[in-house]
Amino acid sequence: MAKYNLKINGKTRAVDVDPSTPILWVLRDHLNMPGTKFGCGMAMCGACTVHLDGNAVRSCSMPVSAVGKMAITTIEGLSENAAHPVQKAWLEHDVAQCGYCQGGQIMSAAALLKSNPNPTDEDIDAAMSGNICRCGTYLRIKEAIKTAAKN
Amino acid sequence: MENINNDSTQAPPSGAGGLSRRSFLKSSALTGGGLMLSFSWFSEAKAAEKLSELNLAETWSELTGYIKITPENVIKIFCPNPEFGQNVMTSLPMMVAEELDCDWKNVVVEMGTHDNVKFGAQFTGGSNSVRMYWKPLRAAGASARQMLIEAAAQTWAVPASEISTKAGVLSHKSGKSAKYGQMASKAATIAVPKDAKTKAVKDFTIISKSKKNAEGTKIVTGKPLFGLDYRVDGMLIAMIQHPPAFGMKLKSFNAAQALKMPGIKDVYSFKLYDEGFEQGGFDTRTFNELLVVVGNSTWEVMNARKKLSVQWEPAGDVKETMMGRGGKREVTIPGRLETTSKQFEMMAEFAKKPATQLRKDGDPEAAFKNAAQVIERTYNAPFLAHNTMEPMNFFAHVQADKALVAGPIQAPGWMEPTLSKILNLPADKIEIQMTRMGGGFGRRAYAQYVYEAARISQKVKAPVKLVYTREDDMTYGIYRPMYTATYRAALDANKNLIGFHVTGGGIPESPIHANRFPAGALDNYLADSWEIPSNITIGAFRAPRSNFNAAAEQSFLDEVAEAMGKDPIQLRLDLLKRAKANPVGKNNDYDADRYIGVLELLKEKSGWGKPENAGKKRGVAAYFCHASYAGHVVDMVIKNGEPYVEHVTSAVDCGVVINPDAARNMVEGAVVDGIGQSFYGALTHKDGAAEQNNFHNYRMIRHNEAPQKIDVHFVENEIDPTGLGEPPFPPVFGAVANALFKTTGKRYYNQPFSVEQPQS
């Protein structure tokens with residue numbers, strides 16, 4: 001076990017866990033922040049996507065020991081009151097079906113738009129193809145990203 | 001009350017184990033942890049703020065089991081059915097709200113707990129939710145409206161017949177008016193009327209008007225909605241180690257190393273069902289004896305499980321006692337360790353043997369004997385894993401005299417009797433809560449993971465959440481069966497279709513629906529069927545059997561049309577017109593008129609046969625299942641050297657569409673799912689072991705493979721709603737196969753299409 005002071009959603013959170021514990025399980029089990037989802041455990045589906053210093057990473061495959069001073073942002077901390085343009089666009093296009101993957105999709109999309117405010121369809125495909133949606137809402141996700149890009 | 005928006009780290013809802021249903025509302029309102037989350041979707045900030053100031057537990061008036069109203073005119077509607085992405089938490093309450101005649105803006109939605117007396121069957125599956133609740137939910141809304149009118153009539157001392165309602169306001173010609181909330185407490189004391197009148201379709205103001213997902217804001221802000229998000233204080237995590245292959249069982253194990261790992265509480269083996277347990281139809285068990293690791297946290301349990309030392313051995317043939325349809329019977333599950341190539345060989349052998357005749361019209365043998373040309377084609381499809389994004393999981397807290405189970409489940413009503421038996425508790429001491437499901441697709445109609453969780457909690461005497469990893473979920477599945485079918489068509493010298501024969505089977509069930517189209521449209525028709533028992537567990541998968549038939553039959557019809565020199569839509573229309581005018585046989589499942597309607601709409605909207613589309617590589621297919629009709633035209637191109645579905649036009653007749661934009665979303669999803677499954681879906685076995693165990697070797701459709709555009713069109717009519725979640729899915733397979741032919745010049749007979757060796 002080891003102690004870590006993690007910067008999460010603008011707050012410092014102390015945890016005492018095995019250094020190999022993935023960020024995903026630190027969030028879900030130890031900090032009771034279940035917005036970040038478990039889908040595959042091997043960075044193949046994107047349900048666990050969070051931001052580390054603004055970059056999208058798969059939290060299921062990154063041990064807490066690797067975080068250091070980097071700031072973690074989760075879907076719970078992306079905005080106050082669903083105010084982030086990506087969240088608003090998701091609601092406007094009523095994207096979700098089951099909704100399980102959408103937190104990860106939104107985090108990937110938000111990171112994309114931060115680095116590339118006007119992505120082409122190809123840019124969106126490249127940035128988003130690591131996020132699986134089993135319900136098949138890909139078209140609405142793409143439209144929502146384009147709407148968010150405009151705002 | 002806590003600020004409802006400041007809850008990123010607060011406890012998930014409904015976590016108080018052992019609370020009775022009556023106390024739940026009050027307790028959760030008092031702690032602010034549970035009930036308030038239900039309201040955070042509220043798009044009107046004012047309403048949400050107002051809600052947070054209310055003492056909800058004290059002020060709700062209940063009007064029928066589905067509706068509660070506060071004096072402030074907040075209307076809560078309970079959704080009876082589990083939500084797995086089909087959007088019933090929006091569409092079912094819309095049906096109540098329509099007849100209640102309230103303002104949708106004032107409605108908050110809450111998932112009901114399991115209560116078959118109050119809420120009916122509560123079954124999510126078979127594209128049934130809207131169909132089975134269409135009348136009862138509208139009746140509930142209409143009854144509540146009537147009770148509010150009666151309350152106003154008594155209060156104002158005027159005849160009820162003189163009171164009208166609109167958008168949640170009661171009015172009398174004298175100028176008196178009141179919001180529903182003002183009359184709710186009085187209305188709640190009035191007897192529920194038996195014959196409240198419901199509206200005509202033309203008078204709907206909520207139904208057929210698109211409404212946003214009732215849980216949309218919760219979803220995009222990461223609120224704890226799903227089974228995996230459920231937790232209570234002191235909850236342990238459990239993971240199961242199942243045999244590595246179908247046909248194997250536990251021989252012995254050594255847990256010494258695992259037990260030394262940090263956070264581990266217990267490691268033991270257990271039997272899901274006791275000796276002689278009579279299995280109901282949905283009590284599917286994959287393996288009866290399992291190893292379980294129980295500990296404090298998910299990562300600790302995952303790591304400890306890797307330290308188990310386990311010996312497995314062949315299970316041999318296993319006898320099971322089955323109940324349900326067909327009565328009590330003993331079945332023998334064969335012990336062989338199956339391998340995919342051998343499964344295909346076995347199916348090919350079985351296909352040659354005499355099969356069970358399901359339907360025969362006319363004299364098909366003579367038709368084939370006299371045919372100028374016989375077309376015969378065989379189609380194959382593999383097992384499919386459901387691969388819901390949220391892996392199987394369930395919470396259970398079993399105590400000496402009661403049990404609470406909570407999590408993602410499609411059919412709580414089927415679980416209750418089994419839980420009662422295996423826990424030895426009366427059914428009324430078992431509370432089942434349904435969380436939002438991270439996908440279902442049929443998988444969560446089979447609840448062995450619920451029973452496993454309950455068994456484990458009972459043994460370790462603590463609240464437990466059972467978690468499957470993706471690998472557990474994929475290799476320990478209830479799969480879509482393996483299927484094969486051979487179709488034969490007899491053409492006369494003038495290329496008329498004079499005979500039709502389908503023989504099909506599968507491991508372990510047959511896909512054949514003998515009474516569906518083209519049965520009824522042909523004078524000489526034969527359908528037969530066979531099955532191969534197996535130890536590989538199977539179950540419903542989005543549009544069971546139809547999802548194979550629509551691939552095989554609709555590809556075959558395309559090839560028959562080609563041989564006849566007919567347009568493929570025209571061939572279907574000609575057959576359906578025959579079935580309508582002069583049907584063969586009496587037992588034809590489908591309505592030829594509705595089928596024709598969908599094909600006509602599809603033809604129109606896709607511009608089928610128009611000169612401007614002449615250069616397009618297009619495939620078409622249409623199918624009937626779950627009482628609805630759906631068809632697609634798929635436009636395919638070659639992109640980066642691979643066939644790619646660029647554009648899809650869809651037409652659906654599902655009767656009255658409750659929530660049009662959400663319904664379009666459902667059809668778009670079915671199209672994407674169908675493209676993905678037909679191109680990539682396959683779960684194969686070697687010596688009984690699944691060869692795919694996660695998304696690195698089980699290919700799922702991704703963003704870059706989804707079409708650029710899907711145009712969805714609904715037939716407009718006033719028919720009571722029929723299914724929607726499943727019907728658009730099966731015909732995608734056929735349309736893709738037919739577009740592949742146009743694109744590549746080859747016919748595709750074996751799924752998944754991306755890896756098959758096309759037959760010449």
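Tutor: Start in chain B, where salt bridges link R377(B), D558(B), E559(B), E562(B) and R747(B) into a network. A salt bridge is a side-chain nitrogen of Lys or Arg within 4 Å of a carboxyl oxygen of Asp or Glu. Side chains of opposite charge can pair when their charged atoms come close.

This is a predicted model, so local features need pLDDT of at least 70 and side-chain atom pairs count only at pLDDT 80 or more, while totals for chains, interfaces and linings use all residues. Residues are numbered from 1 along each chain as its sequence is written, chains are lettered from A and ligands numbered from 1 in written order, and side-chain values use heavy atoms, without hydrogens or water.

E559(B) bridges to R747(B), with the closest N and O atoms 3.9 Å apart. E559(B) sits in helix 16 (residues 546-564) of chain B, and R747(B) sits in the segment after helix 20 (730-744), so this pair ties together parts that are 188 residues apart in sequence. Helices here are DSSP runs of H or I, at least four residues, and strands are runs of E, at least two; both are numbered from the N terminus. How covered are the two partners? E559(B) is buried at 7% relative accessibility. R747(B) is buried too, at 9%. (Buried means under 20% relative accessible area, exposed over 50%, partly exposed in between, with a 1.4 Å probe and protein chains only.)

Compare a pair inside one helix. R664(B) and D661(B) form a salt bridge, and their closest N and O atoms are 3.6 Å apart. Both lie in helix 19 (residues 660-680) of chain B, 3 residues apart, about one turn of the helix. An α-helix has 3.6 residues a turn, so residues three or four places apart point the same way. R664(B) is partly exposed, at 29%. D661(B) is buried, at 19%.

Another pair in chain B is K68(B) with E62(B), where the closest N and O atoms are 3.9 Å apart. K68(B) is buried, with a relative accessible area of 10%. E62(B) is partly exposed, at 36%. S61(B) lies in strand 1 (residues 61-63) of chain B. S61(B) is buried, at 9%. Leaving out residues up to four places away in sequence, S61(B) touches I67(B), K68(B), I69(B), A184(B), S185(B) and A188(B). Contact means heavy atoms within 4.5 Å.

Step back for the total. Over all chains, the structure holds 46 salt bridges. Across the interface of chain B and chain A, there are 5. One of them joins D229(B) to R28(A), with the closest N and O atoms 3.0 Å apart. On the side of chain B that touches chain A, helix 8 (216-220), helix 10 (298-305), helix 15 (470-475), helix 19 and strand 30 (709-714) each supply at least two residues. Helix 19 of chain B gives the largest share of that side, 9 residues.

The contact takes 66 residues from chain B and 53 from chain A. The area buried between the two chains is about 5100 Å², of which carbon and sulfur atoms give 56%. Buried area is the accessible area (1.4 Å probe) that two parts lose on being put together, summed over both.

Follow R28(A) back into chain A. R28(A) is one of the buried residues of helix 1 of chain A, along with I23(A), L24(A), W25(A), V26(A), L27(A) and D29(A). After helix 1 of chain A comes N32(A), whose phi is positive, near 55°.

Finally, check the cysteines. The whole structure has 0 disulfides over all chains. (A disulfide is a pair of cysteine sulfur atoms within 2.5 Å.) The sulfur of C48(A) is 3.7 Å from its closest cysteine sulfur, in C60(A), too far for a bond. C48(A) is buried, at 3%. For C102(B), the closest cysteine sulfur is in C79(B), 15 Å away, also too far for a bond. C102(B) is buried as well, at 5%.
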